[in-house]
Amino acid sequence: MKLLTYNFLTSKCIKKVKVGYPLKLNIMEQKVESTNFNPEFIQRVLPRLDWSAIKIAADSVGCQGFPDEINLETSTNDTELLQKLHHLLLEIEVVTGSLICPETNRIFPITNGIPNMLLNEDEV
Amino acid sequence: MAKRPEHSAPPEIFYNEDEAKKYSQNTRIIEIQEEMSERAYELLLLPEDESALVLDIGCGSGLSGSVLEENGHQWIGIDISQAMLDVASDREVEGDLILGDMGQGMCFKAGSFDGAISISAIQWLCNADKSNHVPQKRLYQFFTTLYACLTRNARAVFQFYPENAQQIDMITNQALRSGFYGGIVVDYPNSTKAKKYYLVLMTGGVQQQLPAGLGTEESNTEQISYSKKREMTKNIRGKDVKRSKDWIMHKKERRRQQGNETRLDSKYTGRKRSGRF
Ligand SMILES: C[S@@+](CC[C@H](N)C(=O)[O-])C[C@H]1O[C@@H](n2cnc3c(N)ncnc32)[C@H](O)[C@@H]1O
């Protein structure tokens with residue numbers, strides 16, 4: 001699972017969960033695979049990213065230097081920041097670990113890089 | 001006629017390792033899936049030369065995702081079959097994969113995706129595979145959560161294999177109830193083999209005419225227009241708001257906002273003509 005996906009995932013499909021975001025992130029194994037830097041793509045998704053979840057992701061994988069808050073106007077031309085985001089969001093892969101619902105503590109395991117978001121029928 | 005796969009077993013069982021293998025080895029299957037994916041991609045109308053983020057629903061082994069990759073887009077795929085996703089991982093697709101059931105909803109934050117694509121998957125939702133499954137409910141849960149996780153000017157395109165006309169209606173109705181606009185595009189309607197159905201949905205923006213199906217002379221699209229949609233909403237709400245004074249005033253206000261020439265409001269606005277003319 002890429003950390004881009006982490007930024008968009010919620011547990012709101014569980015019955016009675018209101019927001020289900022941000023999920024707690026627990027990483028046991030990770031890997032890095034470099035991909036071509038495409039600044040336009042990062043610029044495009046930047047306004048959709050949740051910064052608190054970026055910080056959680058960066059802390060979990062030990063990426064430093066992300067500001068506490070994001071200023072959309074200046075950031076979209078900040079190549080260094082865009083490059084860092086590219087690395088964090090698209091190059092780091094969570095191989096094993098779990099995601100945890102912030103409201104119910106329901107655990108979603110991640111195995112072989114694939115998070116299992118399937119719910120039991122009594123949870124929907 | 002061959003039995004429909006949806007009638008033989010639930011999808012997570014039907015798409016086992018043997019079935020999944022076909023989606024990386026059987027050239028005929030691969031060719032067909034890719035061809036439909038390309039057509040669906042065309043109907044998605046994503047901006048050219050820009051890389052967007054697309055959701056692939058029922059992504060399977062990632063054949064549809066490959067078409068997105070080739071066009072320079074990022075994708076996230078969701079599928080209920082572990083075996084299909086394993087094949088996708090083995091193929092080292094660029095997209096990210098999630099194990100999930102579309103009938104339980106799309107578990108993403110609002111406004112995450114520029115578009116969504118789904119090839120040969122949604123007809124599976126018309127079946128009740130578990131005792132507590134109600135197809136209409138699962139379709140509604142799917143479409144409302146999908147609507148929410150798309151951006152405001154997005155499209156979702158589904159190639160699917162309807163079993164009959166009622167299934168087309170059931171799927172389309174739930175999509176429209178969820179806020180989407182759109183309709184069905186039928187390619188090659190006169191050929192039993194090549195005939196293909198695409199449900200093309202839009203979240204908002206300017207209402208566009210759906211294109212004609214391939215291999216058709218005149219338009220073969222069942223565009224569900226605002227008026228049909230209003231009819232349907234009417235049935236839901238139970239009363240006709242059309243042509244009421246409020247409705248007309250609202251329409252006029254919108255026309256003004258759009259800069260169109262609009263008659264001034266008067267005390268006669270929205271009244272019935274006496275018929276003495
Ligand atoms: C015919 S395959 C197509 C796969 C891929 N889109 C392609 O074009 O190669 C249909 C896929 O839909 C998936 N599917 C069926 N029901 C589903 C559900 N409820 N939720 C998620 N995926 C589902 C199946 O697991 C299967 O991988």
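Predicted model: local features only at pLDDT ≥ 70, side-chain atom pairs only at ≥ 80, totals over all residues.
Which ligand atom has a polar side-chain atom of B:Asp101 2.9 Å away from it? It is a nitrogen atom of the ligand. A polar side-chain atom of B:Gln33 sits 2.8 Å from an oxygen atom of the ligand. For B:Asp79, an N or O atom in the side chain is 2.6 Å from an oxygen atom of the ligand. On its own the ligand has 600 Å² of accessible area, and the protein covers 98% of that.

There are 21 residues around the ligand, and those that come nearest are B:Gln33, B:Gly58, B:Asp79, B:Asp101 and B:Met102. What classes of residue make up the shell around the ligand? Eleven are nonpolar, seven are polar and three are charged.

Next, the helices of chain B. Helix H4 of chain B covers residues 27–44 and helix H5 of chain B covers residues 63–70; the two pack with their axes 8 Å apart, at an angle of about 50°. H4(B) and H5(B) are therefore oblique to each other. The crossing in which H4(B) passes H5(B) is right-handed. B:Gln33, with its polar atom 2.8 Å from a ligand oxygen, falls within the residue range of H4, 27–44.

A second pair is helix H7, residues 135–149, and helix H8, residues 165–177, also in chain B. Their axes are 9 Å apart and the packing angle is about 45°. That angle makes H7(B) oblique to H8(B). H7(B) and H8(B) also have a right-handed crossing.

Last, two points about the backbone. Most residues other than glycine have a negative phi, and most peptide bonds are trans. Where does the model depart from that? B:Leu45 is not a glycine, yet its phi is positive, about 50°. B:Leu45 is in the loop between H4 and strand E1 (53–57) of chain B.

In chain A, the peptide bond joining A:Tyr21 and A:Pro22 is cis, with omega about -15°. A:Pro22 belongs to the loop between helix H1 (3–8) and strand E1 (24–32) of chain A.

Key. Residues numbered from 1 in each chain as written. Chains lettered and ligands numbered in written order. Heavy atoms only, no water. Near = heavy atom within 4 Å. Polar contact = N/O pair within 3.5 Å; in protein donor to acceptor, adjacent residues only side chain to side chain. Areas by Shrake-Rupley, 256 points an atom, 1.4 Å probe, with all protein chains shown as cover. Nonpolar A, V, L, I, M, F, W, Y, C, P; charged D, E, K, R; others polar. Axes fitted to C-alpha atoms, helices over the stretch in contact; angles between N-to-C directions. Helix = DSSP H or I, 4+ residues; strand = E, 2+ residues; numbered from the N terminus. Parallel < 35°, antiparallel > 145°, perpendicular 65-115°, else oblique. Left-handed = near helix turned anticlockwise from the far one by under 90°.
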